[in-house]
Amino acid sequence: MKQYIVDAFTDEVFKGNTAAVCILDEWISVQTMQNIARENQFSETAFAVKERSAYHLRWFTPESEIDFCGHATLAASYVISHFIEPGCLKIRFQTQSGLLTAETVGELIEMNFPRYQLNEVEVTDAMTSAIGVRPYAAYLDRDLLMVLDSEEAVVKLQPNYTAMKKLNGLSIAVTAKGRDYDCVSLVFAPELSVPEDPVTGSTHCMIVPYWAKKLHKNKITAFQASKRTGVLYAELKNNRVKISGKAVLFGITEILGGLV
């Protein structure tokens with residue numbers, strides 16, 4: 001079985017967020033998909049099977065299957081449009097999070113995602129212990145978003161992963177207003193065996209609505225300040241968030257054994 005390794009939200013290898021992508025003729029067992037994801041040790045491995053006019057897309061962390069992943073959707077879109085259906089400009093994905101679309105627009109792949117809600121929650125001492133600085137606001141949906149007072153506070157963050165596991169939220173994100181970009185962020189998912197996620201499309205479905213409201217603008221350019229870095233171009237449209245990015249192929253491998 002062929003596996004594509006793609007760096008997403010970047011146009012340079014060794015940057016952005018790495019995802020493995022397997023486009024299958026038919027489904028293999030859930031256990032095998034989980035084993036492949038665990039073997040890869042990337043934050044996400046994506047599997048897709050074409051079903052009529054759309055691809056059924058699933059995402060696995062090294063620990064478990066999840067309901068939504070942005071960077072692996074970008075990686076899967078890149079693989080399909082470059083290697084599976086060369087020249088294909090628009091792709092439809094059926095997922096646990098509903099219908100997602102990906103469209104090639106110039107050098108970018110533009111994805112249409114659901115918007116997360118900004119349910120404000122109390123800032124707690126547990127949050128401060130987890131990230132080493134006290135946020136001035138916090139919001140909870142699938143993920144927990146904490147707002148800091150400066151870009152420097154985000155960049156210099158010293159997370160406590162053990163304490164972070166005790167917080168609510170599948171992913172734990174911090175964000176602040178940026179200098180060169182509208183906003184900066186870091187995202188962590190220690191509960192999923194992903195201590196820090198280099199660039200995270202799904203959590204920006206929460207980050208983008210926050211900054212769109214705060215900055216009074218619907219188009220947001222976001223920078224994820226991980227060591228690998230990544231840039232996301234986003235637009236808030238009603239209950240959807242359009243997130244665009246670039247991707248680059250790192251390599252193609254062949255999985256030889258254990259496929260049941």
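A cavity here is a set of points on a 1 Å grid over the protein atoms alone where a 1.4 Å probe fits but cannot get out, and its lining residues have an atom within 4 Å of a point. The model is predicted, with local features needing pLDDT of at least 70, side-chain atom pairs counting only at pLDDT 80 or more, and totals for chains, interfaces and linings using all residues. Residues are numbered from 1 along each chain as its sequence is written, and side-chain values use heavy atoms, with hydrogens and water left out.

**View 1. The whole structure holds 2 cavities of 30 Å³ or more.** Volume is the space filled by probe spheres set on the points, with grid points joined across faces, edges and corners.

**View 2. The largest cavity comes in at about 110 Å³.** Its lining has 16 residues, and E44, S171, A189, L192 and D197 sit nearest the centre. Strand 13 (183–189) and strand 14 (194–197) are the elements giving two or more residues to this lining; strands (E, at least two residues) and helices (H or I, at least four) are DSSP runs numbered from the N terminus.

**View 3. What lines the largest cavity, by class?** You get 8 nonpolar, 5 polar and 3 charged residues. Nonpolar covers Ala, Val, Leu, Ile, Met, Phe, Trp, Tyr, Cys and Pro, charged covers Asp, Glu, Lys and Arg, and the others, Gly among them, are polar.

Technical notes:
1 Å grid on protein atoms, 1.4 Å probe; cavity = no way out; pocket = protein on both sides within 12 Å on 5 of 7 lines; lining within 4 Å.
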